[in-house]
Amino acid sequence: MSPVKDAADGLVAALGAVDRLKVYTDPAATVTPPGVVLGPPSLAWEAYCTAPSSARFLVYVVEKGDARALERLWDLVPLVAEAVDSVAGAAVVRADPGSWGTPELPAYIIEVEYGL
């Protein structure tokens, strides 16, 4: 099996354990909030390696846009970060505010570094 696929599968399993969140792995999916989207990773190679040595995934934590959206996101982001950090080889690097597709779906974009 591919180390990148193994990494993605581990993250999907951990994210799926977060209560109330549906996990999406298709970047073109229509997300029904609250949800989390695991995007395709950026890959990096160390010198003289034939296979990637690390992957950087973006995880979008998506909520419905309304007056309480930020409050719900602030509650969800630590839970998602904790789930990611429970995966061997994965570490949360940062979380930035943004949106998923449209401003009506506010999101936090969590960067996850994964050593392969």
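**Close-up views of a predicted chain**

**View 1. The whole chain and its surface.** The chain exposes about 6,400 Å², and 58% of that area is supplied by carbon and sulfur atoms (Shrake-Rupley method, 1.4 Å probe; for residues, only the protein chains shown count as cover). This is a predicted model, in which local features need pLDDT of at least 70 and side-chain atom pairs count only at pLDDT 80 or more, while totals for chains, interfaces and linings use all residues. Residues are numbered from 1 along each chain as its sequence is written, and side-chain values use heavy atoms, leaving out hydrogens and water.

**View 2. Helix H2 and its packing partners.** Helix H2 covers residues 69-85 and spans 24 Å from its first C-alpha to its last, close to the 24 Å expected at 1.5 Å a residue (1.5 Å times one less than the number of residues). Among its buried residues are Leu 73, Leu 76, Val 77 and Val 80 (buried: under 20% relative accessible area; exposed: over 50%; partly exposed: in between; 1.4 Å probe, protein chains only). The buried residues of H2 pack against helix H1 (3-16) and strands S4 (54-62), S5 (90-100) and S6 (102-115).

**View 3. Gly 65 in its loop.** Look for Gly 65 in the loop between S4 and H2. Gly 65 is partly exposed, with a relative accessible area of 42%. Leaving aside neighbours within four places in sequence, Gly 65 is in contact with Glu 104 and Pro 106 (heavy atoms within 4.5 Å).

**View 4. The cis peptide bond at Pro 33 and Pro 34.** Most peptide bonds are trans. Here, a cis peptide bond with omega about -5° joins Pro 33 and Pro 34. Pro 34 sits in the loop between strand S1 (22-24) and strand S2 (35-38).

View 5. Most residues other than glycine have a negative phi. Arg 20, in the loop between H1 and S1, has a positive phi of about 80°. Tyr 48 has a positive phi of about 70° and lies in the loop between strand S3 (42-44) and S4. At 85% relative accessibility, Tyr 48 counts as exposed.

Technical notes: Helix = DSSP H or I, 4+ residues; strand = E, 2+ residues; numbered from the N terminus.
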